[in-house]
Amino acid sequence: MHRMTSVSLFYFSALPNRFWALSQMGLAPRRVAGTPGLQFFKFLGSGAANGFGLRPNFSVYGLLGVWDDEAAFRHFWASNPVAVAYRQRSAQNQTVFLKPVMSHGLWDGQNPFVPTAGFDPQAPVAVLTRATIRLRYLWRFWQFVGPVSADTDQRPGLRFAVGIGEAPLVQQATFSLWDSGRQMIDYAYRREKHAEVIRKTRELGWYREELFARFVPYHAEGGGFFEWDDLGTKSKPD
């Protein structure tokens, strides 16, 4: 058994499909629970401004899953009524396949990402961060998000980044893809604005629960959100 993680992103263009996708945030989890081979999953919404804004984005949604193996994901993707409906209703969808490298912290009281690969700072890396923000720190937290989000624009090595979450304002997550672990580390710990947020997090205890995980992105399917081939190199434009 080779446990893997999938992150699927969906873009809905037609208004009826956007309403449908919003309704699935409450309905779909009950229909997916108990799927064979699915160890952990989250349906996720996104915010405006590439996912990092206070206003919700009713066009983009995500599904994160931790699977016993890739075969379990593919069976779900091909035959589960929820997965089929998401594919058929979305104008674009893309899935990236991930092997966990390291993970610390908790998500709903557990850490679902068991490392199955080693970290190579020269190779592509995906990063997932997730936190439940303490209510008394909501205003301070969102004061910092805007400048940090803007600071990621045109950052060397950043292929893709989106802010996603289970609940608006309070339960937030980020997912990003980088050309190399070295470039990701350079941004996370040496870029002034991002380093300041890390310091504030440690000093003030913004989060009631948090998790940070790194992954090897080894394959991607579909399109519309980022360019990525199996070697982790930029796809050449047509």
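Predicted model: local features only at pLDDT ≥ 70, side-chain atom pairs only at ≥ 80, totals over all residues.
## S8 in strand β1

Let's start with S8, which you'll find in strand β1, the stretch covering residues 4–11.

What does S8 touch, once you skip its neighbours within four places in sequence? The list runs to Y61, G62, L63, F73, W77, Q94 and T95. With T95 there's also a polar contact: the two side chains meet at 2.7 Å.

## S59 in strand β3

Next up is S59, which sits in strand β3, residues 56–67. This serine has a relative accessibility of 9%, and because that is under 20%, S59 counts as buried.

Setting aside residues up to four places away in sequence, S59 is in contact with F10, Y11, F12 and R18. Another spot to look at is S90: it lies 31 residues from S59 along the chain, and the C-alpha atoms of the two are 9.2 Å apart.

## Helices α2 and α3

Now for the helices. Helix α2 spans residues 70–79 and helix α3 spans residues 81–89. They pack at an angle of about 65°, and their axes are 5 Å apart.

Which residues make that contact? From α2 it's F76, W77, A78 and S79, and from α3 it's P81, A83, V84 and R87. Sorted by class, that gives six nonpolar residues, one polar and one charged.

Technical notes
Residues numbered from 1 in each chain as written. Heavy atoms only, no water. Axes fitted to C-alpha atoms, helices over the stretch in contact; angles between N-to-C directions. Helix = DSSP H or I, 4+ residues; strand = E, 2+ residues; numbered from the N terminus. Contact = heavy atoms within 4.5 Å. Nonpolar A, V, L, I, M, F, W, Y, C, P; charged D, E, K, R; others polar. Buried < 20%, exposed > 50% of the residue type's maximum accessible area, 1.4 Å probe, protein only. Polar contact = N/O pair within 3.5 Å; in protein donor to acceptor, adjacent residues only side chain to side chain.
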